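Try each one yourself before you read the solution.

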Amino acid sequence: MHGFAIDVEVKWVRFPSVASTGTKARWTVLESSTDAANGAVREKYRKTSCQAKGSGVFRKTLSEVGSLKARSNTMKKLVMTAAVLACAASVVTAQTVTSANMVGYAKVTAVGGQLTLVALNFETGGLTVNELFGSLPTGSVINLWDKGANAYVTSNKGRAGFSPNPVVTLGSALWVKAAGTATNQIILSGEVLLSETNTVAVTGLDASGYFYPVETLWGDTDLAVQAPAGSVLNVWNGVGYSTYNKGRAGWSGNPAIGVAQGFWLSVPSSITWKEIRPFDID
């Protein structure tokens with residue numbers, strides 16, 4: 001993504017589960033306890049293996065806390081930022097969840113004074129602008145595209161935080177302009193969408209993001225195929241838009257759509273965007 005005031009590091013983790021013998025075989029249980037109120041099992045695990053340097057801590061819920069490790073996946077269309085690996089021992093604590101639960105984050109670096117078109121590729125359970133971007137300095141501005149109203153919701157950060165403070169949902173796209181000139185790191189975290197398909201309506205002009213935290217070529221998406229002739233894709237390059245048109249022979253270009261990167265799509269007629277999950281689940 002040359003020219004972008006954005007740098008993305010992606011990490012996924014699947015929480016260990018007592019229901020998954022394959023997962024348990026790779027972890028050693030140090031402690032185990034049961035919540036008397038709801039019967040939930042809480043266990044402490046230790047794993048000694050090659051672990052990603054700089055693994056962060058992600059709070060899934062108040063009772064599900066884990067140490068994130070890089071999750072590599074060589075399945076179809078999955079490209080994630082490479083992590084430097086080093087052998088180390090790690091300890092995580094997590095409430096038992098099904099092995100299908102997968103969480104992660106994208107670390108976005110936004111430079112103050114520069115516009116960045118960002119998208120949310122995770123399900124957050126209703127987090128707001130202030131909860132996601134509250135680390136930005138006072139004077140920062142977020143312009144969230146409201147798909148229903150077909151208009152921007154502009155949030156300005158004051159001493160009390162961002163106002164207004166709308167919810168940011170999976171697939172939302174928004175402009176970030178941090179105040180000042182310093183470099184700011186933003187963590188966009190949540191659950192990875194594991195549905196086999198994701199279906200949404202696209203009408204007219206829309207700002208969006210990919211619904212999965214993977215980098216993909218535009219031509220490899222189902223949206224690129226389903227968009228009718230006459231559609232126009234606009235990808236922000238840091239100073240302006242790179243524009244791609246779809247004719248009878250296909251698209252005029254095939255840009256990469258990165259993790260946490262938003263884009264604009266204009267379609268001449270309404271379509272149902274049905275995107276198939278671009279990776280397999282173990």
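**Exercise 1.** Find the bridge partner of G209 in strand 21.

*Solution.* Start at G209 and look across to strand 21: the partner there is G262. Next, take in the whole pair: strand 15 and strand 21 (residues 262-266) run antiparallel and are joined by five bridges. Strands here are DSSP runs of E, at least two residues long, numbered from the N terminus. Keep in mind that this is a predicted model, where local features need pLDDT of at least 70, side-chain atom pairs count only at pLDDT 80 or more, and totals for chains, interfaces and linings use all residues. Residues are numbered from 1 along each chain as its sequence is written, and side-chain values use heavy atoms, with hydrogens and water left out.

**Exercise 2.** Track down the residues with the most contacts inside the largest nonpolar core.

*Solution.* A nonpolar core is a set of buried (under 20% relative accessible area, 1.4 Å probe, protein chains only) Ala, Val, Leu, Ile, Met, Phe, Trp, Tyr and Cys residues joined through side-chain atoms within 4.5 Å. The largest one has 46 residues, and F133, L188 and W218 have the most contacts inside it. Its largest share, four residues, comes from strand 7 (residues 102-111).

Terms used: Pairing = 2+ DSSP bridges. Buried < 20%, exposed > 50% of the residue type's maximum accessible area, 1.4 Å probe, protein only.
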